[in-house]
Amino acid sequence: MQATRLRLLPCSGPNGQPTYTPDDSPNGRIARLADRVEGEQVATAEAVLSLAKGMLDTGLRIEPDECGYLMKRLTECLRDALRVAESRGGRLPAPNPLEPEAERVLEDKTPEATS
């Protein structure tokens with residue numbers, strides 16, 4: 001009997017612990033909701049990064065309260081992006097240890113692998 005893989009969800013439990021759902025239904029309601037939330041988290045991170053870059057590029061002095069607010073938002077976005085990366089990385093197929101790394105990289109670049 002094969003163990004069910006678990007998918008890390010983009011939200012934490014009530015005490016900050018990771019939350020999981022069985023990954024046996026990647027097109028199910030929970031998986032689709034998780035995909036949508038992850039997409040929103042990545043989009044928010046892009047927007048906050050753009051805002052931070054814009055503030056830094058002006059060359060103007062950033063007030064301490066603005067800097068604190070920005071650091072808090074950047075920290076939240078980085079936490080969310082790392083969770084998305086962990087969740088998505090956990091769903092990648094395990095590499096074949098007998099397959100040379102160079103061949104695996106080349107195969108990933110072929111048109112068949114990208115479609």
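1. Which residue stands opposite Pro 18 in strand 2? Ser 12 does. The model is a predicted one. Strand 1 and strand 2 run antiparallel, and four bridges join them. Five residues lie between the strands of this hairpin.

2. Next, the faces of strand 2. Side chains alternate along this strand. Thr 19 and Thr 21 point to one face and are buried.

3. Helix 2 covers residues 64-90, 27 residues in total. The distance from its first C-alpha to its last is 38 Å. That is close to the 39 Å expected at 1.5 Å a residue. The buried residues of helix 2 are Leu 70, Cys 77, Asp 80, Arg 83, Val 84 and Ser 87. What do they pack against? Their partners are strand 1 (6-12), strand 2 (18-22) and helix 1 (29-57).

4. On cysteines: how many disulfides does a search of the whole structure find? The search finds zero. Such a bond would be covalent, between the sulfur atoms of two cysteines. Cys 11 is partly exposed, at 42% relative accessibility. Cys 77 is buried, because its relative accessibility of 10% is under 20%.

5. Cys 77 also gives a distance between helices. Ala 47 lies in helix 1, and Cys 77 is among the buried residues of helix 2. The two are 30 residues apart in sequence. In space they are 9.8 Å apart, C-alpha to C-alpha. Ala 47 is partly exposed, with a relative accessible area of 48%.

6. Arg 7 deserves a look. This residue sits in strand 1 and is buried, at 2% relative accessibility. Setting aside neighbours within four places in sequence, Arg 7 contacts Thr 19, Tyr 20, Thr 21, Asp 23, Ala 31, Ala 34, Asp 35, Glu 38, Ser 87 and Arg 91.

7. The structure holds eight salt bridges. In one of them, the side chains of Arg 7 and Asp 35 meet at 2.7 Å, N to O. Arg 7 lies in strand 1 and Asp 35 in helix 1, so this pair ties together parts that are 28 residues apart in sequence. Asp 35 is partly exposed, at 33% relative accessibility.

8. Which residue forms a salt bridge with Glu 38? Arg 91 does, with the closest N and O atoms 3.7 Å apart. This pair links distant parts of the chain, 53 residues apart. Arg 91 is in the loop between helix 2 and helix 3 (101-108), and Glu 38 is in helix 1. Arg 91 is partly exposed, with a relative accessible area of 24%. Glu 38 is buried, with a relative accessible area of 0%. Salt bridges that share partners join Arg 7, Asp 35, Glu 38, Arg 88 and Arg 91 into one network.

9. One further pair: the side chains of Asp 80 and Arg 79 meet in a salt bridge, 3.2 Å from N to O. Is Asp 80 buried or exposed? Asp 80 counts as buried, at 16% relative accessibility.

Technical notes: Residues numbered from 1 in each chain as written. Predicted model: local features only at pLDDT ≥ 70, side-chain atom pairs only at ≥ 80, totals over all residues. Heavy atoms only, no water. Expected span 1.5 Å × (residues − 1). Buried < 20%, exposed > 50% of the residue type's maximum accessible area, 1.4 Å probe, protein only. Contact = heavy atoms within 4.5 Å. Disulfide = S-S within 2.5 Å. Pairing = 2+ DSSP bridges. Salt bridge = Lys/Arg side-chain N within 4 Å of Asp/Glu carboxyl O.
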